[in-house]
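Subject: Structure handover

Hello,

Here is the structure we spoke about. Please open it next to this message; my findings follow below.

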Amino acid sequence: MALMRAPITNGPRRLLLLLLLALLPLGGLLAQGGHQFDVRNGCMYIELHKPAASSDLRAFIRLFELQDLDLENFLRSGKTDSLRVKGWIVEQNDATHAVLRKPLIADKIFDPVERIKLTSAADRPAPRRYGTNRFRNKRPFSTQDSVVLFFLRGQTGASRVQLAGSFTNWQDGALGMRRTDSGWVASVKLPPGKYWYKFVVDGAWQTDNDNLQNESDGRGNINSVFFVTNYLFHLSGHTDARGVLLAGSFNDWRENELRLQRAGDGWYLPVFLADGTHTYKFIVDGTWLADPANRQTLPDGHKGVNSVLRLGNGLAFSLAGYTTARRVTVAGSFNGWNRNELELVRTAWGWELSYALGPGNYEYKFFVDGKGVTDPANPLSTEGAGKGNSVLVVGANYTFRLRNKPELRSVFLAGDFNDWNARSLPMRREGDDWVFSLYLAPGKHRYKFVADGKWILDPGNKLWENNEYNTGNSIVWLDNK
């Protein structure tokens, strides 16, 4: 999959300031409210002036988009966890000043734009299993027969407006929009899913000001988000209720997040749901209840049931043998490790269960009469050699490759996608290369190879950034598609 190259004019203010500083031979200095941001000698520096007002610190954080560093908590408590995990080193921390330093990148890479992209503080976007649309001043874009009508309100005085997004390869395939009496429109045929977009008004890139759903692409660019929904949650009746909420496995059962709208004979909420098995309940004025219109249920662990939706293809979990067992279940990261939810069915040769799972990397285990069993038919496990939790990859979309290393006896892949576990993802020999295919969400991923027990950068990938141990991590970027 190709590396994403967003236009630098499309980035936030901090990206442009970093570019300016990187182009200066001796670095530069930018300040806000007594706090300073500097790039010199191949490093980024942040100097915090502790007597400054809290409002000045928050303005400084917003100006350079440093929210992920949790600087307010650092100054208040002295805890450096959020800094160290991002590769920052605390050089000074006394009663009046704190100085933070982070190396940029190897001197072998001279392109300042490349240096900035590799050292962006933003993390990759977290994959989401669901999504809803939230707009102000206008209704969500209408969708009919898979055709979405994008609408930019106002700006009728512009000469030219284009629509660009993950579905157009961004600027390379931007679509012309048609002027109307109230704004600009463009029709795009899109299947259900999550999409990122921006408007280009007379050459200037902008997010949709009426869309409350914005998201960083992990490289400093903020894009508007639109979901083409594929499921309509509907609860009939309860028209006298003050409010109805929806919670489920897809949103980690957060009960105050998804609010249904009252309409006609009940309550409605259109949602995009990724492929997989989803459990859910409605919350009517504080009372939880399963969907009365859905007969598919699973135990909720509290002597009740959750409603169930299964989207996409089923995956067969099977465990051979154990024919004298009374009960076999499977649990994993896909169901919150609920051991009592998913029961396998006894067969002539063992146990089996069909379960829908969307693309992702999962851990799981069988429980035979309550005792955990690593899947004997799966060579991937978190502790290696059939120990720990079994590891399952569904919908692999990226292949890691360590080239021309026939002399190695073993190679493992480790990164932020498996919590840097050095034993769970053994790479396989393919000629003189070592390969492993994995599912990666869009955005930035850090990784290394563990070759015969030694942690190494990917010699075939020039993209890397330093870490808190000053040993570096290789980086791969995946497009939002």
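A salt bridge here means a side-chain nitrogen of Lys or Arg within 4 Å of a carboxyl oxygen of Asp or Glu. Note that this is a predicted model.

**Salt bridges**

By that rule, the count comes to 16 salt bridges. Some of them form a network: Arg401, Arg403, Arg428, Glu430 and Asp433 are linked this way.

Take one pair from that group. Aspartate 433 bridges to arginine 403, with the closest N and O atoms 3.8 Å apart. The two are 30 residues apart and link distant parts of the chain. Aspartate 433 sits in strand 37 (residues 433-438), while arginine 403 is in the loop between strand 34 (398-402) and strand 35 (411-415). Aspartate 433 counts as buried, at 11% relative accessibility. Arginine 403 is exposed, at 53% relative accessible area.

Next, lysine 281 and aspartate 300. Their closest N and O atoms are 2.8 Å apart. Lysine 281 lies in strand 22 (residues 276-284) and aspartate 300 in the loop between strand 24 (297-299) and strand 25 (305-311), so this pair ties together parts that are 19 residues apart in sequence.

Arginine 58 and glutamate 72 form a salt bridge, with the closest N and O atoms 3.4 Å apart. Arginine 58 is in helix 2 (residues 54-64) and glutamate 72 in helix 3 (residues 71-77). Arginine 58 is partly exposed, at 37%. Glutamate 72 is partly exposed too, at 32%.

**Strand 8 and its partners**

Strand 8 (residues 147-153) runs antiparallel to strand 7 (residues 143-144), joined by two bridges. Glutamine 144 has valine 147 as its bridge partner.

**Nonpolar cores**

The largest nonpolar core has 22 residues. Those with the most contacts inside it are Phe141, Phe150, Leu163, Phe167, Met177, Leu190 and Tyr197. Elements giving two or more residues to this core include strand 8 and strand 12. Leaving out residues up to four places away in sequence, phenylalanine 150 touches, among others, Trp184, Val185, Ala186 and Val188. Apart from this core lies another, of 21 residues, including Phe317, Leu319, Ala325 and Val328.

Best regards

Conventions: Residues are numbered from 1 along each chain as its sequence is written. This is a predicted model: local features need pLDDT of at least 70, side-chain atom pairs count only at pLDDT 80 or more; totals for chains, interfaces and linings use all residues. Side-chain values use heavy atoms; hydrogens and water are left out. Two strands pair if DSSP finds at least two bridges between them. Helices (H or I, at least four residues) and strands (E, at least two) are DSSP runs, numbered from the N terminus. A nonpolar core is a set of buried Ala, Val, Leu, Ile, Met, Phe, Trp, Tyr and Cys residues joined through side-chain atoms within 4.5 Å. Buried means under 20% relative accessible area, exposed over 50%, partly exposed in between (1.4 Å probe, protein chains only). Contact means heavy atoms within 4.5 Å.
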